[in-house]
Amino acid sequence: MTKTIKFSENVYTTVCPGCGFGCGVYLRELMPEGENHILNIDYRKPSPVNEGKLCRFGVKLPEYFEQTEYNSDSFETGLNEKHMEAIKKAADALKGVKSSEIALVSAGNTTNEEHMAFINLGKTLNTPVNTCVNHVYKDIGKLHVYTSGNVSYSEIENAKKIYLFVNPYVSYPLLTRRLVHAKRKGAEIVYFGLKKLPIACKNVKTKPCESLYEVDEFKPDSETVIISDITPYTNSKRISEIVEIANPEKTEAKLLFMKPFVNSTGAGHLSRHSKQKTIQNIIKGIEDGTIRVLFCLDTDIINMCLNPEVENVLKKVETLIVMSSTITPICEIADVLIETEPFYKKEGTVVNSERRIIPMSSTLDNPIRAGFNQINEIIKAVGGNAKSFEDTKEEILSEFGIEKVDEFKIPEVSIKKYDVEKVSDKLEVCCPADEPDTNAKFIYELNPFMWHNRKDENDYIEISPEFISEIKLIKGHTADINCACKSINKTLRYKPTDMENGYIFSQKKQPFAKAPVAKVNIKPTPLVKKQ
Amino acid sequence: MTAEIECEQNKRVSVSREGWTPKIVMFCCNWCSYAGADGAGVARLQQETNVRVIRVMCSSRVDAVHIYTAFLEGADGVLITGCHLGDCHYVNGNEKTLVKYKFIKSMLDEMGIEDERLQLQWISASEGQQYAAFVNEMTEKIRKLGPSPFRKPEVI
Amino acid sequence: MTKVKVGDRLIGWSTNEEVRSNGGSGGLVTAVFAAALEKGLVDNVVVLEKANQFEAVPIITDSVEDVFNSAGSMHMLISNQTKYLQQFKNEASIALAVKPCDMRGIREQQKRNTIDSDKIFTVGLNCGGTMAPFKIREVVESVYEVDPDQVKGEEIEKGKLIIETFDGEHHSHSIDDLEVDDHGRRENCRYCTVKIATNSDLACGNWGVIGELSGRGTYVEVMTEKGAEFLQNAIDMKFAEVVEAPEKGTEIRGKVNGVMLKMAANTHKEVFKPIEGDKLEDLRKELENCIHCGACKEVCPVCACGVDAKCNKYYDPTDDYDISLYHLIRFLHLSDSCIGCGQCTDVCPADIPLTRLYRRFANPVQEELDYMPGMDDRTPPFFLTKLEELE
């Protein structure tokens with residue numbers, strides 16, 4: 001027998017941080033003696049959300065964590081000097097400015113417990129915690145009743161009619177199987193978009209900015225489930241129109257709004273009472289100099305925004321405090337960086353898009369609560385009352401009106417309307433509207449890889465076969481795409497897809513498109529003659 | 001009702017026979033069959049012009065990936081030719097081809113692809129006559145079968 | 001008693017009374033593992049750490065105490081022991097209990113040199129089929145009308161799924177009835193033809209344990225030298241006791257197996273009815289929702305290719321083929337090696353019945369060559385120079 005190494009193992013029952021779907025997953029941490037730990041996923045088949053199934057992002061989770069986590073061994077022994085120093089610096093910066101000059105941001109990439117502690121910090125400093133995703137528009141407060149999880153995924157399977165506004169294959173892949181089941185049971189699935197989806201029985205051509213009042217096919221009734229999403233890029237008009245036309249109180253149509261981050265729904269619910277700023281307002285505030293300290297909790301604003309200019313804006317803020325469990329672009333420009341344990345090691349709960357409260361646990365004897373404890377240390381340092389982990393847990397349970405966490409039951413929560421600061425509800429557009437030189441419209445298809453700025457084999461565009469022949473793209477070659485102002489050009493591969501002419505889809509952030517919908521010019525890459 | 005809606009959409013579009021001529025991809029081994037093809041040319045034997053010959057060093061170089069890609073890209077037939085058993089330039093390359101061929105054949109059968117669309121034939125360097133006959137025979141057979149079910153309308 | 005040797009058919013149990021009565025069928029497997037760990041025959045044992053009645057995870061341990069406290073087998077645990085073992089990259093010596101299909105995967109990996117048979121010791125457990133944990137939870141609620149939190153345990157006996165609750169009541173339903181509504185075993189288990197893990201070191205189970213030993217003993221067939229060594233060790237260390245299995249017991253074990261196989265053959269006929277109409281269109285329709293997550297390859301216990309596999313490298317997301325090369329290559333590569341374990345169907349995010357599709361291509365090939373992957377030690381036919389060499 002050859003030599004063997006001693007192994008020990010931890011299993012974390014956790015949730016995939018890819019999107020707001022809330023897929024259950026086990027993460028195995030294998031620790032060979034004297035070597036680095038090895039991460040592996042295991043499929044959590046008893047999970048009520050996904051029955052163990054994972055999408056492309058989920059399957060690659062070990063890679064994601066291994067490449068983005070901080071040396072996690074350091075958290076097991078409690079907070080060290082380096083952490084305490086960062087905490088002190090952060091607290092000093094927060095104490096040095098007026099409460100109106102502070103912006104706290106947490107979009108929901110972390111547990112309810114950490115978010116709650118962050119809200120507690122906000123209360124101490126007398127400033128709200130901004131969730132950005134859930135508060136993108138001025139009317140969102142009124143719509144909150146409908147946008148924070150009204151339908152469970154299993155209800156989709158029993159629907160008679162399903163109206164889709166998202167491409168499930170790309171954006172929320174685990175929705176696909178629910179739709180497959182629904183279709184098998186005889187549901188009519190209608191997709192309102194520009195692609196032809198195999199899952200849909202009918203595709204209704206609907207442009208991103210088109211008013212739904214002009215779409216005759218959009219006639220929700222009591223047996224309809226409408227699936228859409230809310231992201232920082234969503235067209236606010238679209239959301240309000242869906243709610244207005246569907247009018248759930250009258251028609252009893254059901255609405256499901258998917259969210260981009262793992263705990264977007266939970267974070268949105270917990271900070272619902274506070275008067276929040278939208279992401280645009282925060283960026284404007286930094287430019288004006290009215291915001292002097294920006295504190296981001298597991299929220300990378302650079303990843304979140306399509307315009308790379310945002311990085312330069314963030315550099316202008318006096319103190320940028322970043323507390324993060326992953327290594328992301330914003331960490332590099334942070335003035336104060338507080339490192340926390342990776343997401344899978346966190347203990348606590350998250351709330352997914354159907355408002356299911358999912359616990360996360362591990363086989364460890366002593367749970368790591370580094371992130372939570374660090375926020376508490378900051379609260380103490382700025383002179384507030386830090387609450388214990390157990391008290392915070394209780395507080396969260398009462399916010400959701402439940403006595404204990406049961407991931408198999410979705411709690412009934414009474415939700416009330418609230419106010420949000422005013423913003424314009426226009427879609428950001430990269431270049432001046434009527435540019436004569438553009439021949440196509442570029443649209444992003446949002447997906448977990450894009451939210452987390454992860455590499456995948458998705459650096460290509462999708463385009464219809466007719467459009468390919470129209471602009472004379474050559475098979476096997478590439479296309480050149482310019483933004484309307486011609487300043488940025490990129491050569492990309494293309495995929496013929498059954499979809500509307502004159503449009504281009506991409507699943508990856510592209511430099512030539514700084515808005516969710518951008519006008520671009522596409523032409524074949526000139527063939528270079530061999531010399 | 002839903003089934004009807006479904007029928008309208010998401011169906012494989014088949015190519016009509018009108019104006020269609022078969023496209024055949026043919027793999028020839030460098031040592032025997034390619035020389036056989038050469039021989040057929042030199043002897044000025046009449047051959048159908050639908051085949052596209054790809055020279056490979058040995059028939060065993062032809063992988064399932066090549067065959068499937070040919071079909072997916074719109075080929076109506078794939079022909080593989082090599083040295084006779086026992087004559088392989090690389091001792092037993094063509095024996096390996098035979099094993100692979102058997103598996104691929106069984107798979108294509110399960111997918112409902114007609115038997116004639118993939119064929120294996122041993123042709124030696126001196127068998128120009130047989131080469132031309134094989135090409136003509138297979139082209140005729142595939143012409144009778146019609147376009148491959150994998151072929152898409154936009155493939156010219 | 002004489003020394004244990006290959007081919008012995010015995011009935012054994014743990015000498016630890018607590019383990020014997022808690023284990024359900026005598027606790028022999030626990031005893032063999034504990035003895036092996038104590039003696040140092042292996043460094044680690046894989047045990048189940050239970051979260052609740054519907055959830056447990058396999059986890060490695062080197063403590064004898066943990067082995068005694070482990071959860072035992074569960075019909076709802078569809079762990080993938082082959083992939084679990086591969087994580088260790090042959091750097092640890094491990095003893096573990098396996099289902100027949102796990103063992104078939106391990107045998108195939110041994111042929112492909114990714115698992116070293118010297119490093120592992122396997123106890124194969126009889127398996128009449130497994131059930132998806134989330135589905136069972138639903139069934140308990142909707143068919144049995146029992147609160148899932150009140151479930152104490154489950155058992156399959158005489159074709160019935162019995163759910164025991166904490167108040168001591170037993171609720172039972174016939175598995176056949178459950179399967180009519182697709183509420184029973186996983187589809188691939190229903191047509192699986194290996195119910196006794198004769199490919200492992202020790203083939204254990206409760207079939208054939210009769211008389212007063214019923215429920216207090218495990219029938220064990222010694223399959224390999226290693227199996228004999230480990231069982232002898234458990235006896236020598238006074239962890240286990242064995243007696244010769246009565247002939248009647250062996251007969252009953254064979255009968256149970258026979259009935260199961262007959263049922264499997266019927267299901268097989270039903271599932272693999274010849275497809276009427278356009279076969280290609282049928283296949284394309286089945287695969288149209290594929291999102292190319294790659295999970296089916298990731299979990300496949302017979303795939304040994306790693307990340308640079310042909311199916312990954314030749315699949316290009318910009319292709320617009322009717323059926324992607326990824327699937328075509330996998331169908332081909334698995335046609336001689338698919339063991340029908342069902343892991344791919346379990347993890348498919350689009351609920352494509354992948355195992356059925358793989359079997360559709362594997363059935364004719366494996367039947368014709370009379371080759372059963374994971375059950376015989378011959379080279380996989382696809383790797384051969386001449387098919388005649390298979391004989």
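## Salt bridges between chain B and chain C

A salt bridge is counted here when a side-chain nitrogen of Lys or Arg lies within 4 Å of a carboxyl oxygen of Asp or Glu. By that rule, the interface of chain B and chain C holds 3 salt bridges in this predicted model. One pairing that meets the rule joins Glu368(C) to Lys102(B), whose side chains come to 2.6 Å, N to O. Polar contacts were counted separately, and between chain B and chain C they amount to 5 residue pairs, with both residues at pLDDT 80 or more.

## Make-up of the chain B side

On the side of chain B that touches chain C, helix H3 (64–72) and helix H4 (93–110) each supply at least two residues. Of the contributors to this side, H4(B) gives the most, with 11 residues. Sorted by class, the side of chain B that touches chain C consists of 12 nonpolar, 5 polar and 13 charged residues.

## Extent of the interface between chains B and C

Contact between the two chains involves 30 residues of chain B and 33 residues of chain C. The size of an interface is often expressed as the accessible area lost when the parts come together. For chain B and chain C, the buried area is about 2,900 Å², and carbon and sulfur atoms give 66% of it.

## Domains 3 and 4 of chain A

The area buried between domain 3 of chain A and domain 4 of chain A is about 1,400 Å², with carbon and sulfur atoms giving 67%. On the domain 3 side, Leu194(A), Lys195(A) and Tyr233(A) supply 45% of the area that domain 3 of chain A buries against domain 4 of chain A, which is more than any other three residues.

## Polar and charged pairs between the two domains

Between domain 3 of chain A and domain 4 of chain A there are 3 salt bridges. Glu500(A) and Lys205(A) form a salt bridge in which the closest N and O atoms are 3.6 Å apart. Across the interface of domain 3 of chain A and domain 4 of chain A, 6 residue pairs are in polar contact, both residues being at pLDDT 80 or more.

Note on methods:
Residues are numbered from 1 along each chain as its sequence is written. Chains are lettered from A and ligands numbered from 1 in the order in which they are written. This is a predicted model: local features need pLDDT of at least 70, side-chain atom pairs count only at pLDDT 80 or more; totals for chains, interfaces and linings use all residues. Side-chain values use heavy atoms; hydrogens and water are left out. Contact means heavy atoms within 4.5 Å. Buried area is the accessible area (1.4 Å probe) that two parts lose on being put together, summed over both. A polar contact is a pair of N or O atoms within 3.5 Å; within protein, one must be able to donate a hydrogen and the other to accept it, and residues adjacent in sequence count only if both atoms are side-chain atoms. Helices (H or I, at least four residues) and strands (E, at least two) are DSSP runs, numbered from the N terminus. Ala, Val, Leu, Ile, Met, Phe, Trp, Tyr, Cys and Pro count as nonpolar, Asp, Glu, Lys and Arg as charged, and the others, Gly among them, as polar.
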